[in-house]
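Please open the structure in a viewer and keep the selection tool at hand.

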Amino acid sequence: MNTPTKLSGFALGLAAVFGTAYGVGHLTGPVTPAAETRHDATDAGHDSAETDHGDGGHAATATAHLPGGLLVSERGYTLQPVTAPAGEFAFRITGPDGRPVTRYDVAHDKRMHLIVARRDLSGFRHVHPELAADGTWRVASPLAGPGVWRAFADFTPTGAEPLTLGVDVTVPGALAHRPLPAPATSTTVDGYTVTLTGAPQPGGTSRLTLTVSRDGRPVTDLQPYLGAYGHLVALRQGDLAYLHVHPEGAPGDGRTPAGPAVTFAAEVPSAGTYRLYLDFRHGDAVHTAEFTVVAGDQAAPAPAAPAPTTAPTPDADHGSPGHGHS
């Protein structure tokens, strides 16, 4: 483990160490609006929400092939964190007209899924904010400690296609970088053992089956969570490309058992190392099992990026972190 370092509001350079160029919003203290850093996939200097360069749709075509979460602004929609009290995280989605979006379709039982993870792929949280009349989403802060976090807003504006936007958030304080766990096919969480069968293959669809047991016995009474018996998110190491993986079957369809196995159809865009996060509900509680997997010919996770240099930490109170699920 690296020697603890300090993160501050001036630590944006860290984002360049951990990922490729994309839209970055920088927040310190109580959450404040992101800087003007919206980027188009084809040119980091273009603002896709506000600028039309007469490219005949070239930029839209390029972004259509990107995984989710790499951009803070796409197809005219922009993720904008806003000022919030300590202990709270707040943001808006503005639409092509520049106004906050207030109408969303329900997807996986919710109108908004907010997923956050540190850039070393630790600290994963999945929460569901509440929408105010002015278009502001608010939730108890899921940022569980110092670090550079990636926040993903996964939503479907009414009348539009599903979209995932991402923004970086810096929480100042002492940080010790956590190396990515080695690839494994089994993990334990909260007394449960979860086993992974199958491996993602870049450029195609792969079946990943996750089997849940407890005390050596298969769990056959999983409870529905977000419209399924499991909810899987995959993040690519390096740029944290976001992949929302869909389960096969649904509770109550007459053919999908309530465990112990939950199967997903996964599509990964490239060879590389990915972190999988499986949310499942049992005993009236949501549990998250995490795996490191390698797609393609890559034999091991990429080397960890060097820790940032020490920088002063501003006075800021972020309050207590929120729950992992809501």
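Begin by selecting Phe 280, which touches Val 189, Tyr 192, Val 194, Val 212, Leu 222, Tyr 229, Ala 285, Val 286, His 287 and Ala 289, leaving aside residues up to four places away in sequence; contact means heavy atoms within 4.5 Å. This is a predicted model, in which local features need pLDDT of at least 70 and side-chain atom pairs count only at pLDDT 80 or more, while totals for chains, interfaces and linings use all residues. Residues are numbered from 1 along each chain as its sequence is written, and side-chain values use heavy atoms, with hydrogens and water left out.

Buried means under 20% relative accessible area, exposed over 50%, and partly exposed in between (1.4 Å probe, protein chains only). Strands (E, at least two residues) and helices (H or I, at least four) are DSSP runs, numbered from the N terminus.

S19 pairs with S20 in the antiparallel sense over 11 bridges; two strands pair if DSSP finds at least two bridges between them. Leu 278 has Ala 289 in S20 as its bridge partner. Between these two strands the hairpin has 2 residues, and Gly 283 takes a positive phi near 65 degrees. S19 also runs antiparallel to S16, joined by 6 bridges, and here Tyr 277 in S19 stands opposite Val 233.

Then move to the open sheet of 4 strands, ordered S6-S5-S9-S10 with antiparallel pairing. Strand S6 (125-127) and strand S10 (163-171) are at the edges, each with a single partner strand, so one side of each has no neighbour in the sheet. Strand S9 (residues 147-155) is joined to S10 by 9 bridges, and Asp 154 has Thr 164 in S10 as its bridge partner.

Finally, display the entire chain. Which secondary structure does the protein chain contain? There are 2 helices and 20 strands. Of the 326 residues, 49% count as buried.
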